[in-house]
Amino acid sequence: LVLCASHPAAKGNNFFITDNNDLSIEGLIQGLAEGMGKPANLFYLPEILLKIPFKLFRKSDYLGKIIGSLQVDSRDIQETLGWKPLV
């Protein structure tokens, strides 16, 4: 935050920051469950079974958001401000 407030190239920009460790939905759920001391209760469902209802309701664009990874690209802040995650 200090770098964004003081660096002249940051003016008018919005940056995403990350520790460069992308998570899957499964990894996020497992981490949350572990942190709460509870089982994750995950189960496997073939992707084709998910695609059918999404296609029927014309919501195919949402499927990737549900089954994809949670990737945040922080290259912009790294290239513009020279910022690197400490951890």
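Colleague: In this predicted model, what share of the contacts with a separation of 6 or more comes from residues 24 or more positions apart?

Modeller: Residues 24 or more positions apart account for 68% of those contacts in the protein, where a contact means that heavy atoms lie within 4.5 Å.

Colleague: Which helices and strands does the protein have, and in what pattern?

Modeller: There are five helices and two strands, and along the sequence they follow the pattern α-β-α-α-α-β-α.

Colleague: Why is the protein called more spread out than a compact globule?

Modeller: The globule rule gives 12 Å for 87 residues, whereas the radius of gyration of the protein is 18 Å, which is well over that value, so the protein is more spread out than a compact globule. Along its principal axes, the C-alpha trace spans about 50 × 35 × 15 Å.

Colleague: What makes up the lining of the largest pocket, in terms of nonpolar, polar and charged residues?

Modeller: The lining divides into nine nonpolar residues, two polar and one charged. Because Tyr counts as nonpolar and Gly as polar, Y44 and G68, both among the lining residues, belong to those two groups respectively.

Colleague: Which element gives the largest share of that lining?

Modeller: The largest share, three residues, comes from α2, and the pocket itself has a volume of about 400 Å³.

Key: Residues are numbered from 1 along each chain as its sequence is written. This is a predicted model: local features need pLDDT of at least 70, side-chain atom pairs count only at pLDDT 80 or more; totals for chains, interfaces and linings use all residues. Side-chain values use heavy atoms; hydrogens and water are left out. On a 1 Å grid over the protein atoms alone, a cavity is a set of points where a 1.4 Å probe fits but cannot get out, and a pocket is an open set with protein on both sides within 12 Å along at least five of seven lines; lining residues have an atom within 4 Å of a point. Grid points are joined across faces, edges and corners, and a volume is the space filled by probe spheres set on the points. Helices (H or I, at least four residues) and strands (E, at least two) are DSSP runs, numbered from the N terminus. The radius of gyration is taken over C-alpha atoms; the globule rule is 2.2 Å times the number of residues to the power 0.38.
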